[in-house]
Amino acid sequence: MNSNSMTRYPIVLTVNGQDHEVWALASDTLLEVLHDGLGLADVRYGCGEGVCGTCTILLDGEPVSSCLTLALQAPGHPITTLRGLMGPAEEMHPLQESFLRRGAAQCGFCTPGIVLTALDLVRRRGRPSRAEIRYALIGNLCRCTGYTKILDAVEEYADLVGREDESES
Amino acid sequence: MRGTRGLPGHREHEGRQLTEQRPAGPYRVVGTSPAHHDFVEKVKGSLHYAADWQLPGMLYGRIVRGQLPSARITGIDTSRARALPGVAAVLTAADVPSNQIVEMASGGLAELEVTMPVLAADRVRYVGEPVAIVAAATQQIADEAADLVSIDYEELPGVFDAEAARAAGAPLVHDVGNTLVTWHIQSGDAAAAIARAEVVVTGEYRSQHVEHAYLEPEAGVGWLENGVLTLRVSTQVIEHAATIARILGVPQSKVRVIAAYMGGGFGGKEDMTVEPYLALLVWHTRRPVRMIWDRQESLVASTKRHPFIMRYRTGASRDGTITGQQVEILGDAGAYPNLSPRVLFAAAACACGPYRVPSASITSTAVFTNNVPASAFRGFGAMQVVLGYESQMDLLAERLGLSRTLVRERNFLAKGDLLPTGEPLETCVEVAQTMHRALELLGEPPVPSGPGKLTGRGIGCNRHPYGRTIWFRDRASAWLSLQPDGTLLIRSGVTDLGAGQAASLCQIAAEVLGVPLADIGIHIGDSALNPPAGGTFATRQLYMSGNAVLQAAVELRDRMSPVAADLLGTEADELEFADGQVRRAGSQGRASITLAELAVACERRAVSTAHLSTWRAEAGAFDPRTGQGDTFPDYTYGTHAADVEVDTETGQVTVLRYAACHDVGRAINPMRVEGQIQGAAMQGLGYALTEDMAIDDGYVQASLFANYLIPNSYDFPDVVVGIIESGEGKGPLGARGIGEPPIGNVAATIASAIQDAIGIRPTRLPMTPERILRLLDARARIGGYPAPDDALPQPTPGGNP
């Protein structure tokens, strides 16, 4: 091990609206810093290859795999994790409530990544079709639910948002 | 044969006697789908899984794994690893007090006694076998130190195929031989029945190695506290505490295992994973240690589902009635026994499916190879054989020109019928109902979407056990306590895979005691603080712990009832426990006391409001020499149906619609039941069509998650679920287990649909486009099936094939 690889850099990460000063190695992934450094258990290691989507966060509002993002790339780019969707007293986001109503989680390990990816889709597309939801979630694997109830939950939330938009316009 | 078939009214706490204690319906809580405590935490992202704990001074662990499938270890040099700053321990076999993981023998004839070392000492038998372990101040240092451990090998010949391993002169994986265990089940004279049969169909079916692919890799932390070694890990089985104590050479009272809520398990966390390695590192360093397996490490070295070779020969009369069946099953156990003897037993016990087979001869064998060990995986041997018995039914229907549903209905088992083991079926068999319902859910048959496309419809029925093999004399305990404020505590050693194991127990207790669900606190998965429930496997926890909680709740209610009756001036048997109150049945709102008032009154009268109860499954015995006796307590029956489209140019199979229907006896939480069926069906679709943990000369080919194709959200259609509630299961309130059963039907259902589309039956899994093309090619060229070896046509050097 050479000494360079052990040099830690002070960085400021903006996570769920709060600034955190952390010391990170050049090789530290954002996942490692969020999970181990900041103790965010809703950002999880699943494969380390960017395949399973378990470690998904929103970086500048867009879903990314935190296992493929270096911590040193993140300063200046606001990060949202699943918990960041909730209110100060843990009031659930309406999409989380749809997940509860529809039974869209079993072991729950993939849930944060799926909720964040789906939220991004609905924000971008308004009222996506079921096929569009399927396509958007390709990068978020779930081994328990068989996806049907996840699709139901996202569709329900999109309909809700769509109806609200219609009534506003 | 069974020891505890009680008489009606017999109050012995075993098996079926519980029917007398059941609260009668209609139910208030059972049958509803509330969002439970764990579910809310999961959706909020606040649940702490095994990898999410950090302790002061925590070290990070890594396993050094062997790189060759079969070799003698001639030297291990750990000096460079030890010299690395930050390394706290580098351990090898010499550092393990008792270097063996002892599995309880399963009772098979001539079963080989082979134990698996915790760390390989002088020999490695599969790629990825643990040889050394490292603990260091950071994960990076631990990984670097693991790379610095140098292992010298002398390579030995290996054997990588189950049939080759049985051949004379095959390299021995273990000195005692390669045939781990053989089971026989025999009834009547199958050979004679088949010789006399009016029609005989034969088939050979092959399945592949499969990865569990839970999203949460194997993980945990361990620490020492008050002289007790404690592990908080992702495990289905906290009872491994006893095995860990043996390895360390410490009393069992000094090891505690806590099971975190799991991020999926599917059987892959039924054997130990990180536990012995964490335990050794904590024990040697006296410091907390965390270990998380890399996904790639998990792919290469974790246990797999057994590939099976299944040979079926079925005799029937012209009307489709089966007269005899011979089945031979060969399973690749890999390098160590793990749970292979039991998996192959379940395969034999279920090999004839939900059909009456008057004369049967079934043999199943597990053999050692130098492949990664195979062990428990959702379905546990009983799922692979569905492809065998269902293919035979479709082939029989085709041969006789009869409908597939008719041939099945001619042969479906019924309550009271004998299985080939000689044991009678004690609950109803609603498999025909599930078949009609599944087909109904599918709707009108599809039409091809264009030229070169063929569509087809398939069905697959199954009989899948729930509960452990009877001769293990299963039991589960639960402890309930009504608190002074009227809330309820439940303690149970159950581990929660994510299927709602703990939540179901809350619903059952709430039903009996009338405690609102929000007022129940449940504490699970702790080998030191919870009454033992046995592990979560074999679709046993609703059956076992569900019955234990039901029994404990009924007994606690019966104990408190006289106090409540006295306070309310009524009779104990006229009481109703509901909505946090006790009242005279029918006297809505009037003359009632709260559960808090009852708890306090009980306390004043020295009537305990805490209760521990143990529920015992029925007992019995199996004779491995005659192949007769008791196997499993009961079965869950179901049928799946699917429509597919086959692209005859590419061989691509598109699943258009999918329906699954099972008799679950009683749905404690219908939404969770649906979730189990949908999830199992999806795993089954991966098994049927895309997943292949191919192993080439001992080396796992899909060593990246990107190369192992579990279904994503776009691959397959929604799974439409039909739930039938016959009310006749042996679980609580007549429930049957549903965790494993729905994975069994899928491959057979898809094969059936493909056969319907292209007129030829796929016999090998997964049913990839290449294999489908080969079937289409054989149909076009020879009007039948290709040669059984399934080798793809090889290009001739320098020319066209």
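Helices (H or I, at least four residues) and strands (E, at least two) are DSSP runs, numbered from the N terminus. The model is predicted: local features need pLDDT of at least 70, side-chain atom pairs count only at pLDDT 80 or more, and totals for chains, interfaces and linings use all residues. Residues are numbered from 1 along each chain as its sequence is written, and chains are lettered from A and ligands numbered from 1 in the order in which they are written.

**Exercise 1. Describe chain B as a whole: its helices and strands, radius of gyration, box and buried share.**

Step 1. Chain B holds 18 helices and 30 strands.

Step 2. The radius of gyration is taken over C-alpha atoms, and the globule rule is 2.2 Å times the number of residues to the power 0.38. For 801 residues a compact globule would come near 28 Å, and the 27 Å of chain B agrees with this.

Step 3. Along the principal axes, the C-alpha atoms of chain B fill a box of roughly 95 × 75 × 55 Å.

Step 4. A residue is buried if 20 or more other C-beta atoms, placed from the backbone, lie within 10 Å of its own, exposed if 12 or fewer, and partly exposed in between. In chain B, 58% of the 801 residues count as buried.

**Exercise 2. Give the strand order of the open sheet of 4 strands in chain B, and find what packs on the sheet.**

Step 1. Two strands pair if DSSP finds at least two bridges between them. The order is β19-β18-β17-β23, with mixed pairing.

Step 2. The edges are β19 (520-524) and β23 (610-616) of chain B, each pairing on one side only.

Step 3. Axes are lines fitted to C-alpha atoms, for helices over the stretch in contact, and angles run from 0 to 180 degrees between N-to-C directions. With direction ignored, neighbouring strands of this sheet are turned by 20 degrees against each other on average.

Step 4. Strand β18 (residues 488-492) of chain B runs parallel to β19(B), and 5 bridges join the two. B:Ile490 has B:Ile522 in β19(B) as its bridge partner.

Step 5. Residues are in contact if their C-beta atoms, placed from the backbone, lie within 7 Å. Helix α13 (residues 501-513) of chain B packs on the sheet and touches β17 (475-482), β18 and β19 of chain B. The direction of α13 makes about 140 degrees with that of β19(B).

**Exercise 3. Describe how α10(B) passes α17(B), and which residues meet.**

Step 1. The axes of helix α10 (residues 384-400) and helix α17 (residues 741-758) of chain B come within 8 Å and cross at roughly 30 degrees.

Step 2. The crossing is right-handed, that is, the near helix is turned clockwise from the far one by less than a right angle.

Step 3. From α10(B), the residues that meet α17(B) include B:Val386, B:Leu387 and B:Glu390. Among their counterparts in α17(B) are B:Ala747, B:Ala748 and B:Ala751.

Step 4. Ala, Val, Leu, Ile, Met, Phe, Trp, Tyr, Cys and Pro count as nonpolar, Asp, Glu, Lys and Arg as charged, and the others, Gly among them, as polar. The contact of α10(B) with α17(B) divides into 5 nonpolar, 5 polar and 2 charged residues.

**Exercise 4. Describe chain A and the side of chain A that touches chain B.**

Step 1. Chain A has 5 helices and 5 strands, in the pattern β-β-α-β-β-β-α-α-α-α along the sequence.

Step 2. Of the 169 residues of chain A, 50% count as buried.

Step 3. Contacts link 41 residues of chain A with 43 residues of chain B. On the chain A side, α2 (94-102), α3 (111-125), α4 (130-136) and α5 (148-168) give two or more residues.

Step 4. This side of chain A has 23 nonpolar, 11 polar and 7 charged residues.

Definitions and conventions: Two residues are in contact if their C-beta atoms, placed from the backbone, lie within 7 Å.
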